[in-house]
Amino acid sequence: MVTPLGNDVESTWNAILSGESGVREIAGFDATGFPTRIAAEVKGLRAEGTIEDRKSLKYVTPFSLFALAAAEEAVRDAGVRPTTATAERWGLVSGSGMMTTEFDFLQRFQREFAADGQIDLARLGAEGARFISSPEFARHQAVAGQALLHKRYDIRGYSANLHTACASGGQALGLAMRVVRSGQADFVLAGGYDTMINPIGLAGFCLLGAISTDNDRPSSASRPFDLTRNGFVLGEGAGFMVLEDWKRARDRGAKIYAELAGEGNSLSSYRITDSPPSGDGPIQAIRGALADAGETFDSIDYLNAHGTSTPMNDLSETNAIKAVFGDRAYDLAVSSTKSQMGHLIAAAGAVEGIICALAIQHSTAPMTANLRTPDEACDLDYVSEGCRPMQIDAALSNSFGFGGSNSCLVFRSPQRAEDRGR
Amino acid sequence: MQNGVVITGFGCLTASGVDAAATWEAVLSGESGIREAATWDSSGWPWPLAGEIKDYSPRDLVSDRKLLKFITRQDVIGLNAVTQAVTHSGIIEHRDELADPTSFNDRTGVFVGSPATKHRYQHDFLPPLADSAGDSREFGVRAMEDVHPMWLLRTLPNNVLAYVGIQYGFKGANANITAHGVSGSQAIAEACRYLRDGAIDQAIVVGYDSASELEALPYYASVGLLSSRGLRPFDRSRDGTVLGEGAGALVLETQDAAERRGAKIYGGVLGSSVVAEAAGVLSVREGGEGVSRAIRLALEDSEMRPDEIGMISAHANGSRVSDAGEAQAFTEIFGASSIPVTGFKWSLAHTIAASGAIESILALLCLANGRVPGIANLEELSPECRGVSVSASEQKPRSSVGIVVSRAFAGLNSCIVLSSHV
């Protein structure tokens, strides 16, 4: 994975353990005119060196670069890749971000066709086709990242590209799991990638008032479940994993991190930006995931929360957890890694799914950083004291999107999967 | 019926008609909705053609007037098709008589084929760009003053999904597919997956797009994809596609759910497929290998033999390479047979993310009425498309089962198998 905490799995996990924050003043562009000037940017990832195929470089944008880098790490780690014989049995499911037009393209467009802010239609008709290059047109497509991943690995089977805002990555993993279960593919490369840290994305969130304006203390701006939380912090990055059938993985001697055991997928149908305080919507996703995995709430040890650090999300999520887990809710370790890496939007669910697998592997629950002022209404065990060594046999990952889409995933330890008759 | 997914309602809005009946009549009588673009002044444009919705009036298309402030033109078109389909199905009347409508809502999914983002959304930022003259800090300040606070929410690629949920209270599994020209078909395919998996009992499916936006015309033209003369599928003189607007929506249910409520059943979805060619972002491979594979997999999924297929709704987008590849795939799988082949884009234009959903509805009408409309502007069959039974005049389906083929950027191909008898 590629995250604001590191450009691969190991460095990201180490940064989680050491309590680092990935939030800084925005370095990618001059953001000083905006109310929010901080974000969790990916640091020091270059296309040269990441992309071997020089022709592909022309088709890469910052966010498809994140996807290619994270996918490469996943495929290498899995120790298996498509061959001529297996290409049609490999699938790809990606959750991708919504902002595909590059800001410098918009600037050029404005100078060329809208000098005074209004579009000169005659000029656009006459010159528009010469203005854009073919790779530029390709880069702006919502399927650009999907296409680059297919081409790079010669994946020729099933394919899907999803966008349900902040639920995209989680829903992508859930759909990929169903594709493997149904036998539609033997292997699926699945994940999410996004960046909205550009002048237009930042403007959009600032206009909405959804992001924290704690410009003077970036590292504590994201403080999920804290009484003083005041909005999320924009992050960016990508997470990909290789999913395959349990038996096939065992037979080939694969290193198995975890079983992706269940998916719950629901719609809040309440407001575009929030679930209701009662947790309705997320509740159905969590229950659905448990049922799909054949687990009950008793067996879950750790929950990686959506935990965005907005007043409403954290309350709604807390109440959803209470509704599903009852009194057991207080025994559950719940944390939001967005406290350290910000909100990766369409990539969040995929990256946090990987974090659940790592939490199982390393027997460690990540922390919720920056939770210093308790909120009476958010009174669960948020692992605020620091990462917690603990055995994790089953973990949940929540992702809830603008628009009301919810995803909850169940991850099981390899041991628990075996014990349950895998 | 195997796998049991039935169609209990449908509706569409296209350049050729305000609903399914009007669109069907237009296609049957050889009428095309393609004109010179009229939503802006396209006079003097080298490729002015578009399939726009005629007499577009958002207040007539969406009954909730407050909602119009929060959505864009393509969302209006999508929501209108959903309203038509839901009304057609009678599921709301059914739900409102239930003792437990909550559980009905929780088990109703929403699956959407979405166009993702649009260039036009960014036009709101042209005035602040012009006024700030390249000064990034100044741009931030002006963007905060000039742009509507709800800008980001208006541009969400999952707005139709969100508002279908909010309007009707549906809270089940959902997906928002942003996969260019296969989005509409894939929305049907993924709804069937969740219905078959038992995660939901009924689903609203919609594909929508306003692909013929201002900037799309010059940019599609820049890569040689647009025709300035008209969309002429399989014709010797074909030279590209024409972009258009539209939406198609269906209500799908498990056969059990539909029979239990005594619903009128219009047909069934027997199977589906999505496959990738791994050819890059914009290219399709010559020879139609991806199309053949998509058809074979969909037939396998529906347990159908090629000789049981009664008609083909081809992608037929007027592209030289794509039409020829499709023709090759059809002759390879079905032999030099007399299975009637038709397409609808010559009349409706290419509505990209909507096309698979709209064309599935029209294919269903072909099967139900025993009539396969001709491609009215076909003058001389291209030598590259020989062996395929396309005609300018009407044909008869050979059975009650048909296939719908859709293709997309990223080398994606999809096939849906439909039946009018269940």
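Reader: What makes β7(A) and β13(A) a pair of strands?

Author: Two strands pair if DSSP finds at least two bridges between them. β7(A) and β13(A) share eight bridges in the antiparallel sense, so they meet the condition. A:G264 stands opposite A:C408 in β13(A). Strands here are DSSP runs of E with at least two residues, helices are runs of H or I with at least four, and both are numbered from the N terminus. The model is predicted: local features need pLDDT of at least 70, side-chain atom pairs count only at pLDDT 80 or more, and totals for chains, interfaces and linings use all residues. Residues are numbered from 1 along each chain as its sequence is written, while chains are lettered from A and ligands numbered from 1 in the order in which they are written.

Reader: How do you know that β12 of chain A also pairs with β13 of chain A, and in which direction?

Author: Seven bridges join β12 (residues 394-400) to β13 (residues 405-412) in chain A, and the two run antiparallel. A:N398 is the residue opposite A:C408 in β13(A).

Reader: What makes β7 and β9 of chain A edge strands?

Author: The open sheet has five strands in the order β7-β13-β12-β8-β9 (chain A), with mixed pairing. β7 (259-267) and β9 (333-335) of chain A each have a single partner strand, so one side of each lacks a neighbour in the sheet. From one strand to the next the twist averages 15° (axes are lines fitted to C-alpha atoms, for helices over the stretch in contact, with angles of 0 to 180 degrees between N-to-C directions). Helix α12 (residues 282-293) of chain A packs on the sheet, touching β7, β12 and β13 of chain A, and its direction makes about 150° with that of β7(A).

Reader: Is β7(A) enclosed or open, and how do you know?

Author: A residue is buried if 20 or more other C-beta atoms lie within 10 Å of its own, exposed if 12 or fewer, and partly exposed in between, with C-beta atoms placed from the backbone. Nine of the nine residues of β7(A) are buried, so the strand is largely enclosed by the rest of the structure.

Reader: What puts the buried residues of α6(A) on the same side?

Author: In helix α6 (residues 121-131) of chain A, the buried residues are A:L124, A:G125, A:G128 and A:A129. They cover an arc of only 100° around the axis, which puts them on the same side of α6(A); the arc is that of the directions from the helix axis to the C-beta atoms. These buried residues pack against α5 (103-113) of chain A together with α11 (216-222) of chain B.

Reader: How many residues does each chain bring to the contact between A and B?

Author: Chain A and chain B bring 73 residues each. On the chain A side, α10(A) gives the most, with eight residues.

Definitions and conventions:
Contact = placed C-beta atoms within 7 Å.
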